[in-house]
Amino acid sequence: MMKPGTLILHVAARYLVPLQLVFSVFLLLRGHDEPGGGFIAGLVASGAFALYLFTFGATVTRDLMRVDPRNLIGVGLFFGMISIFPALIVGEPLLTAQWWDIPMPGGGYLKMNTPLIFDIGVYFTVFGSVMLMLIALTETEEH
Amino acid sequence: MQLAVLVIFLAAALTPWLYKSLDSRTSTILAIIPAALTVWFASYIPAVASGEVIVHHYDWIPGLGVSFDMVLDGLSLLFALLICGVGTFIVLYAGAYLKGHENLNRFLVILLSFMGSMLGLVLADNLITLFVFWELTSITSYMLIGFNHQSADARKAALQGLIVTVGGGLALMAGLIMLASAGGSYSLQEIFNSSDVLTEHPWYTGMMVCLLLGAFTKSAQFPFHFWLPNAMAAPTPVSAYLHSATMVKAGIYLLARLQPELGGTELWITVLTSVGAFTMLTGAFLALRNTDLKKLLAYSTLMALGTLVLLLGIGTELAMIGFAAYLVAHSLYKGALFMLAGAVDHEAGSRDVRDLGGLRKKLPVTAVCTMVAALSLAGLPPLFGFVAKELLLESLLDDMFSMVILAMVILSSIFIVCVAALVAIRPFFGEFKAGKDADQIHEAPAGMLAGPVVLVVLSLLAGLVPGLVGTFFTLPATYAVAGGEIEGYLSLWHGINAALLISIASIVLGFILFKNWDKVYLQLRKLDPIINRGPELGYFKFMDGLVWTAEWQTRLLQNGSMRNYLRVIILSFVVITGYTLLTRYQLHWNFDLDVTFYEVFAVLMLVAGAAAAVLTSSRMGAVAYMGSVGFFVAMIFILFSAPDLGITQILVETLTVILLVLVLFRLPSFSNISSPLDRASDAFVALLTGALMTLLIMVTIDVQMFEPISDYMIANSVPLAQGRNIVNVILVDYRALDTLGEIFVLALAAMGVYAMIKFNPKTAPGSNHHAGTLILPPKHIPEKDIVHSLEEIHQRMLEEQNIVPADEIEQEALDDEDLERSADAEDEARNATTGSNPSMTKKNAQHDGVHDYSDYEEGTDKDINPDTNEPHKGEPKP
């Protein structure tokens, strides 16, 4: 559908995709305290690949992603689901947020928590869903 | 007791595994469970007989007042014993009857599930629990009737049974809810113990009608009786168990259960006696018209069910005693008779009484058992059936209730004597007749005979010592039905009284009728046209009406036009919300605004974007304008310090535009396909919605009904959820369950889009020029897929194996092209005829200009599974 070979888009896509992906992870991790979060981060990540998709087409994008978007959805739902169970083990109602401070070398603490796991699940589900639709649509266009 | 029910379901769940290692012996092993439960329930007999009521508590959904309490009183115990006791033999019988059947394991699973449901039904104290089990029995019954699912008749009968009983179940649910509201509790025990008099409650009539509808449909009372004889399409063990001994008595059980609380009013007595008596007579009369052993028994079951309802309706003490006795007697002999009929069918290869005869030498045990059971059916001493029938007659005479009812009872007992004789004498005496050769017929296996023998012996024993049976089984049940202890006894010999004389007379007359049955049968056949116009016709008419209504409302509501859907949704929203707004709140005119210039700018751009999107003549332009509207909404979010929403909005807008561009790329160029009038009405709807939203916002600014929840969230987001971004905290912590649901919906939506695009080449964007209309594309079946004859199939097989040179295939290909060409021509002709619809022709014209039709055809042939490649059923109706 897109005319291939626009130089600016080619170059921009190559450099923007990794930047956008890093930015999406950044948004995901800071989401609990600052603007961001899994949903937004997932949209940013799919935006990155959407750009790539428009520039290089579905086959190349699939190749770059390495993972089938359908699997991404599965992974996302899996993360979403496992985040609800730790509360059960502690004996609290399902989905109660659990926080663990894991000591790190150097004296700091890593704030590990179930909302983050849940957010990662949201991230992958959104990412996978959007990419699934986009790639599927693009593939029909290309035929 | 909860455990007792659970164990049966557990056994049902484990059956498939057992079956793998045990094969047809599974049923023998499984029979242990109901047998053990029978013994366990029997251990409660002394306690219950002394008037004790045993209650086992277990909470199910305490928040809604739904408990899993189970109560064992006389009535429950009687039913529990029947269910488990008869169930034991039925499981054994099924193992032998369906030996070698490929779906025996499936059958046992459903049979056991039914047993568990039925047991739960009679033990449940909570009305909701009772209803759940009630429906479970309907569903399992459906699956059991339709067990031979290859037979269209069985499927039809199963569906009929399901619709009638579940339809009644709906009424029952309404009745139970009314009962609970009126009685102040969902617990039966509490309703009974409360001092409220339900019979004087204003809802009494409505409640009673609903409950009776439920009970009458389940227990196949006139005019809902037709499903029961049809249910004989089920395998015999099912007929013996569900459709005579247990399930059809669920309605009777419910009536008996509610008798102390709801019974005794004039309405109750009138309805129950008249419906019961009429069902009794209808059942007995219709039985005479049948020659199929199972149908004969099914109609006599109708007669028995009618009698039970009649007895409940009469409601005197004697009638109550008679009720419990009749219930036991019927379950014993009818279960046995069905199993024996199955044995005859199984061994002699037919169950038409006209085709059977002289089998007593070949099937001695079956013959003896059948005769004894039939004596009980006919009500002859010294069997328990006689005791029960004497009580029925006495309770009628006792009251001088109504001569009409008495006459109906006498008439139906004459008929039923004839039926009993037909069942017991025709197949076993006279000259030899059978569906098989004489030397192939031999006695049924032990598993099939164990049940009938035991049940028949029990019938006999119970008839010989009725006093004992009365004390331990039927009288405690009677107490539960009557709502207190009553004086009474059961005995075989009541002296020479009117009841005995009536009995003797009816037996003699019944036997005379039997002698002349062949002639009577031919006469009765002449009545067919009248009987075929019975209530069953009503059922069929109802079903037709249902389909017609469904079609009509689908055409009206689901007509496939997106614009129509949107209009309906939006207008309902406007009307409902607007009505509430105007009736509950006054209109607020709040123009007291404090705005900055950049807010005004954003709003103006928003309005301009929306107006441009409406007025533009390019589809791409509309998408872009809509995108700009979205971006300005995002800007407003950011201006009002909601950066998260702003970011999300921008991202979603971006992706929406991308998606739309991908989808719209192939659609024909934008054109006005609606008339100015349509557009005006659309504009009106849009403006109306906008106005409503404006008014709503003005009201929300002024009216503050609740303390906003956001304060709580802001205050607690750091201490409780350790996060400063409240939007995110809401998403992943406060409302995490909602978000979990949402990501699943999102995943499903993505899968749906994927499936639509990938798996159906016709609905892929751009390939279906009929998109959005109800008209399906014409389906062309390639000539090579049309089979004209067997020779052709043979020929093709030869070609495929390269036995015949493939030059004929080329010829076929040419034919194909011809066909396609003619199909195209046909299509064009169709377009010309549908020319009155401007949108159609335009789209088609567009399509023809853009695409090559053969592409589309090729795609179809390549991608569609040949199995589904059948002619379209959904050809559009003009």
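# A guided tour of the predicted complex

Begin by selecting Thr114(A) together with its surroundings: leaving aside neighbours within four places in sequence, Thr114(A) is in contact (heavy atoms within 4.5 Å) with Ser83(A), Pro86(A), Thr96(A), Ala97(A), Gln98(A) and Trp100(A). Thr114(A) belongs to helix 6 of chain A, residues 114-142; helices here are DSSP runs of H or I with at least four residues, numbered from the N terminus. With a relative accessible area of 4%, Thr114(A) is buried, where buried means under 20% relative accessible area, exposed over 50% and partly exposed in between, for a 1.4 Å probe and protein chains only.

The model is predicted, so local features need pLDDT of at least 70 and side-chain atom pairs count only at pLDDT 80 or more, whereas totals for chains, interfaces and linings use all residues. Residues are numbered from 1 along each chain as its sequence is written, chains are lettered from A and ligands numbered from 1 in the order in which they are written, and side-chain values use heavy atoms, with hydrogens and water left out.

**Helix 3 of chain A**

Next, select residues 58-65 of chain A, which form helix 3; the buried residues there are Ala58(A), Thr61(A) and Met65(A). Seen down the helix axis, these buried residues fall within an arc of 65°, so they line one face of helix 3; the arc is that of the directions from the helix axis to the C-beta atoms. Their packing partners in chain A are helix 2 (38-56), helix 4 (69-82) and helix 6. Turn the view to the face pointing away from the buried side, where the exposed residues Thr59(A) and Asp63(A) are found. Arg66(A) follows helix 3 and has a positive phi, near 65°.

**Thr88 in chain B**

Move to chain B and select Thr88(B), which is in helix 5 (residues 74-97). Is Thr88(B) buried or exposed? Thr88(B) is buried, with a relative accessible area of 10%. A polar atom of the Thr88(B) side chain lies 2.6 Å from the backbone oxygen of Cys84(B). Beyond four places in sequence, the contacts of Thr88(B) are Ala31(B), Pro34(B), Ala35(B) and Thr38(B).

**The loop between helices 10 and 11**

Select the loop between helix 10 (204-218) and helix 11 (227-230) of chain B, where Pro223(B) is found. The peptide bond from Phe222(B) to Pro223(B) is cis, with omega near 0°. Ala220(B) is in this loop too; its phi is near 55°, a positive value in a residue other than glycine. Ala220(B) is buried, with a relative accessible area of 0%.

**Cavities**

Six cavities of 30 Å³ or more are counted. A cavity is a set of points, on a 1 Å grid over the protein atoms alone, where a 1.4 Å probe fits but cannot get out; lining residues have an atom within 4 Å of a point. Grid points are joined across faces, edges and corners, and a volume is the space filled by probe spheres set on the points. The largest cavity has a volume of about 120 Å³. To reach it, select Met303(B), Tyr326(B), Tyr333(B), Leu377(B) and Lys389(B), the closest to its centre of the 17 lining residues. Helix 16 (317-348), helix 17 (364-378), helix 18 (384-399) and helix 19 (403-424) of chain B each give two or more residues to the lining of the largest cavity.

**Two further loops**

From helix 19, continue to Ile425(B), in the loop between helix 19 and helix 20 (446-464) of chain B. Ile425(B) is partly exposed, with a relative accessible area of 26%. Its contacts beyond four places in sequence are Phe511(B) and Phe514(B). Which distance separates Ile425(B) and Gly357(B) in space? They are 8.3 Å apart, C-alpha to C-alpha, and 68 residues apart in sequence.

Then select Ser641(B), in the loop between helix 28 (619-639) and helix 29 (643-664) of chain B. Ser641(B) is not a glycine, yet has a positive phi of about 50°. At 62% relative accessibility, Ser641(B) is exposed.

**Confidence**

The mean for chain B is 81, and 86% of its residues reach 70 or more. Select residues 770-777 of chain B, where pLDDT stays under 50 and the model has 21 contacts beyond four places in sequence. Over residues 829-878 of chain B, pLDDT also stays under 50, with 52 such contacts. Where pLDDT is low, the predicted coordinates should not be read in detail. For the complex, the predictor gives an ipTM of 0.92 and a pTM of 0.69.

Technical notes
Polar contact = N/O pair within 3.5 Å; in protein donor to acceptor, adjacent residues only side chain to side chain. pLDDT = per-residue confidence, 0-100. 1 Å grid on protein atoms, 1.4 Å probe; cavity = no way out; pocket = protein on both sides within 12 Å on 5 of 7 lines; lining within 4 Å.
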